[in-house]
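Please have a look at it first.

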Amino acid sequence: MAVGVARGAIFPGMKANFDRMSVGPTSIPIAIGLTLMMYPPLAKVN
């Protein structure tokens, strides 16, 4: 969490870049991250 706060303080334009990567109310980076997190349980990876 501290790394994210530091990145936001050092690169203030980063938030605007993430805001541009959305389709309607859906954030594409969040959707990709959630898909990657859900893949192992759905694929039954041990």
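## Surface, salt bridge and spacing

G4 is partly exposed, at 47% relative accessibility (buried means under 20% relative accessible area, exposed over 50%, partly exposed in between, with a 1.4 Å probe and protein chains only). This is a predicted model, where local features need pLDDT of at least 70, side-chain atom pairs count only at pLDDT 80 or more, and totals for chains, interfaces and linings use all residues. Residues are numbered from 1 along each chain as its sequence is written, and side-chain values use heavy atoms, leaving out hydrogens and water.

G4 sits in helix α1 (residues 2–10); helices are DSSP runs, H or I, of at least four residues, numbered from the N terminus. Between G4 and M38 there are 22 Å in space, C-alpha to C-alpha, and 34 residues in sequence.

Next, the charged side chains. The whole structure holds one salt bridge, that is, a side-chain nitrogen of Lys or Arg within 4 Å of a carboxyl oxygen of Asp or Glu. It joins K15 and D19 at 2.9 Å, N to O. Both residues belong to helix α2 (residues 14–20), where they are four residues apart, about one turn of the helix.

| Residue | Relative accessibility | Class |
|---|---|---|
| K15 | 57% | exposed |
| D19 | 45% | partly exposed |

Helix α3 also has something to show. L36 is found in helix α3, and L36 is exposed, with a relative accessible area of 61%.

How values were computed: Helices (H or I, at least four residues) and strands (E, at least two) are DSSP runs, numbered from the N terminus.
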